[in-house]
Amino acid sequence: MSKHLLNITVNGKKHAVVVQSHERLLDVLRDRLGLKGTKEGCSTGDCGICAVLMDGKLVNSCLVFAIQARNKEIVTIEGVGTAEKLHPIQRAFMKWNASQCGYCIPAMILASKELLDRNPNPTTEEIRNATSGIICRCTGYVKIFEAIKTAAAEMRAAD
Amino acid sequence: MRIFDMFVPENLVELLQFLDAHQSGVHLIANGTDLINRMQRRQITPKLLVDLTGLNEFKYVRREGGMIRIGALTTISELVASPLIDPRYSVFKQVAMKFGGPSIINMATIGGNICAASSSEDLLPVLLVLEAQVQLRSVNGERTIPLNDFITGKRKTLLRPNEILTETSLPELDTSSTCGYEKIGMRNSLIIAFVNCAVYLKMNNQTKNIDDVRISFNRTSGKIPQRAQETENALKGKRFNEQSITDAATVLRGELKLTSDFRASEEYRTEVAGAIMKRILRSCAQKLSGEQIIV
């Protein structure tokens, strides 16, 4: 009962990993699969920095034991865009200088992606709600919200 | 994180038999938003966890026999997204807004919130005023208990070591009744409340007579969500107006014992409790009489 075979899809790629009971999804992503884009913050579900998409929904990867993510599809920041081909949200964050220290940005971008995928034209209030679980201690959020609005407009135009 | 084992049952029968055979030292884990937090803080150090997340049969919201039935593994997001949670149950949307960010409400389950039985759980006051019942299951069968009796103290419930909570059921609201909720904390999201309050109000629309009212608070000195029954009795049968709710707030001040900690003093919480109770009562009454709701 201390070791389990974990079948998991991360950024479209299937993985089978032997995990221990106490390993969290966050540990598997960072230490087993080498996806260091997902950051660890408070480790207690308060800051939202470690957020990833699990079956399309935003979850804190520090609050999911790896084996509980069996047969799930995970999207991390590495699955959103690449340096050569940035996602419109990533471009908009760059345009607005929405990232200062950058530590919360992977989570912010995933939260934005989750929002814009189901709601292409969100109000400021909806943007605030969608990102409310993620604490940014640098920016004051204004540029982040502007970036999300810009990304939304760009994504709508591209459709 | 301390090292522990986890049992991952394939189905309900296997789970119940395992629990029956291991009656001590086992912790149940649903989506873990509370449990993992407490493990990280070393408040608990379980040796053996039993994973409930594979039991998809307990993810549902349905209407049956005059009740709204909510499967224990239904998340807060899934609950508020259900078509059964119509405007009469907008109280759940109010709770979800204040409960936590999307990454928390996507994971936190109704059953987990109840079994955590903590005075910081935002959902419990609402379930109390809706007279929720919980259904428990073990190898020996099923039993149903009112939520009010199920939670016996801080982190204490009537759940036996070989049992799981499978469902929460709520009697359906009729058109002359409604429910409201308010939470006051340091900020609007991601925070444990200073005080939170839920109100159920049944009122005659013509006479404005209060036919029935239920009021509950969390963050009490007993560290469990509690009904304020003296205050309820002070309102029952009265006409709804500013005078009657102000009188009720005076009764509440004598009845309610709230906790005092680093977040806020008891005096401050008591002051806030009366104010938010009046605010919710007003918004419930406005909702029932079809007037515009000013919150």
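Here are some questions and answers about this predicted model.

Q: In which loop of chain A does A:Asn71 lie, and is this residue buried or exposed?
A: Start with the place: A:Asn71 is in the loop between β4 (57-60) and β5 (73-75) of chain A. A:Asn71 has 10 C-beta neighbours inside 10 Å, so the residue counts as exposed.

Q: What is phi of A:Asn71 near?
A: Most residues other than glycine have a negative phi. A:Asn71 isn't glycine, yet its phi is positive, near 60°.

Q: Where is A:Asn97, and what is its phi near?
A: Look in the loop between α2 (88-95) and α3 (105-118) of chain A for A:Asn97.

Q: Is B:Gly54 buried, exposed or partly exposed?
A: Buried takes 20 or more other C-beta atoms within 10 Å, and exposed takes 12 or fewer. B:Gly54 has 17, so the residue falls in between and is partly exposed.

Q: Which element gives the largest share of the side of chain A that touches chain B?
A: The contact takes 25 residues from chain A and 25 residues from chain B. On the chain A side, the largest share is four residues, and they come from β4(A).

Q: How are α10(B) and α11(B) oriented relative to each other?
A: Helix α10 (residues 242-255) and helix α11 (residues 266-288) of chain B have axes 10 Å apart and pack at an angle of about 150°. Angles over 145 degrees count as roughly antiparallel. That is why α10(B) and α11(B) come out as roughly antiparallel.

Q: Which residues of α10(B) make the contact with α11(B)?
A: The crossing of the two helices is right-handed. From α11(B), the contact includes B:Thr270, B:Ala273, B:Gly274, B:Met277, B:Lys278 and B:Leu281. By class, the contact has six nonpolar, two polar and two charged residues. The α10(B) part is B:Ile245, B:Ala249, B:Leu252 and B:Arg253.

Q: Which strand gives the largest share of the side of domain 1 of chain A that touches domain 2 of chain A?
A: Chain A is assigned domain 1 (3-79) and domain 2 (88-158), with 22 Å between their C-alpha centres. Contact involves 13 residues of domain 1 and 11 residues of domain 2. The largest share on the domain 1 side is three residues, from strand β3 (residues 51-54) of chain A.

Q: What covers the buried residues of α4(B)?
A: Helix α4 (residues 90-99) of chain B has these buried residues: B:Val91, B:Phe92, B:Gln94, B:Val95, B:Ala96 and B:Phe99. Their cover includes α3 (76-81), α5 (102-105), α7 (124-129) and β11 (177-184) of chain B.

Key: Residues are numbered from 1 along each chain as its sequence is written. Chains are lettered from A and ligands numbered from 1 in the order in which they are written. This is a predicted model: local features need pLDDT of at least 70, side-chain atom pairs count only at pLDDT 80 or more; totals for chains, interfaces and linings use all residues. Two residues are in contact if their C-beta atoms, placed from the backbone, lie within 7 Å. Axes are lines fitted to C-alpha atoms, for helices over the stretch in contact, and angles run from 0 to 180 degrees between N-to-C directions. Angles under 35 degrees count as roughly parallel, over 145 as roughly antiparallel, 65 to 115 as roughly perpendicular and the rest as oblique. A crossing is left-handed if the near helix is turned anticlockwise from the far one by less than a right angle, and right-handed if clockwise. Ala, Val, Leu, Ile, Met, Phe, Trp, Tyr, Cys and Pro count as nonpolar, Asp, Glu, Lys and Arg as charged, and the others, Gly among them, as polar. Domain bounds come from an automatic or database domain assignment.
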